[in-house]
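Colleague: I want to learn how to read helix packing and pockets in a model. Can we go feature by feature?

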Amino acid sequence: MRLVEGGLGPATAYIIIGDGRRERRILRGVVEKYNHRKALRIPDDPLPGRTGFKTCIERLTLLLDKTRVTTYLIIVDREHLEIQDPKNLEKELRKHGIEVIELQEVEKHCWRLELRRGAKRAALYIAVLGQRKRVEENLAQLIQLLYGEQVEGEKEAVNKWLKEHGIEDIDLVRKASRKIFEQAFPQLAKPLQELTHN
């Protein structure tokens with residue numbers, strides 16, 4: 001896959017990120033491991049400076065109205081997911097005029113939803129990173145799988161390990177085979193796998 005940043009042009013799917021530059025770098029490092037004919041796009045942020053899952057739903061609503069794209073992927077850290085129960089997720093989407101036709105957990109902490117807003121139908125994946133809080137927990141798992149070293153899944157500990165080893169997070173992801181990445185990031189890998197085959 002190719003990752004395109006900015007604009008509202010054509011793409012296999014649009015990606016909406018809850019809060020981080022780190023998630024963008026991880027995406028840049030991993031998309032090349034999947035179908036090269038497909039493009040994922042991170043559009044310009046219509047709500048800059050705001051974070052959290054509810055803001056992601058607002059961004060999704062704006063994009064559903066502005067674009068022809070029919071597949072979306074929201075990536076958010078667990079600590080920013082204000083809505084834990086899928087039934088509450090449906091309520092939040094309804095507040096924005098989005099009807100949930102189908103909701104399926106396709107991987108632990110990853111859901112696929114079929115949506116309708118007006119006449120438009122769309123698919124939405126929601127990938128929640130971190131086992132307890134954030135993406136650094138996935139990176140700590142990746143470090144353990146690649147190097148056999150235990151690192152706390154805290155931002156400071158992961159950043160310290162990367163600095164001590166002279167490695168950037170994007171390089172860590174690029175170094176991993178697709179199989180190892182999928183072990184460390186199962187909730188992000190599942191939508192990428194499905195988008196590869198759709």
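Colleague: Start with α4 and α5. How do these helices lie to each other?

Modeller: First the ground rules. This is a predicted model: local features need pLDDT of at least 70, side-chain atom pairs count only at pLDDT 80 or more, and totals for chains, interfaces and linings use all residues. Residues are numbered from 1 along each chain as its sequence is written, and side-chain values use heavy atoms, leaving out hydrogens and water.

Modeller: Helices (H or I, at least four residues) and strands (E, at least two) are DSSP runs, numbered from the N terminus. Axes are lines fitted to C-alpha atoms, for helices over the stretch in contact, and angles run from 0 to 180 degrees between N-to-C directions. Under 35 degrees is roughly parallel, over 145 roughly antiparallel, 65 to 115 roughly perpendicular, and the rest oblique. Here α4 and α5 pack at about 40°, with axes 9 Å apart. They are therefore oblique to each other.

Colleague: Which residues of α4 and α5 make the contact?

Modeller: Contact means heavy atoms within 4.5 Å. α4 brings E136, L139, A140, I143 and Y147, and α5 brings K155, V158 and W161. By class, that contact has six nonpolar, no polar and two charged residues. Nonpolar covers Ala, Val, Leu, Ile, Met, Phe, Trp, Tyr, Cys and Pro; charged covers Asp, Glu, Lys and Arg; the others, Gly among them, are polar.

Colleague: At what angle do α1 and α4 pack?

Modeller: α1 (residues 21-30) and α4 (residues 135-147) pack at about 40°, with axes 11 Å apart. So α1 and α4 are oblique to each other. R22, E23 and I26 in α1 meet V135, E136 and L139 in α4. By class, this contact has three nonpolar, no polar and three charged residues.

Colleague: Now pockets. What volume does the largest pocket have?

Modeller: A water-sized probe rolled over the atoms shows where empty space is left. The largest pocket has a volume of about 560 Å³. Its lining has 29 residues, and those closest to its centre are I17, G18, D19, G20 and R21. Lining residues have an atom within 4 Å of a point on a 1 Å grid; a 1.4 Å probe is used, and a pocket is an open set with protein on both sides within 12 Å along at least five of seven lines.

Colleague: Which element gives the largest share of that lining?

Modeller: α1, with five residues. By class, the lining divides into nine nonpolar, five polar and 15 charged.

Note on methods:
Grid points are joined across faces, edges and corners, and a volume is the space filled by probe spheres set on the points.
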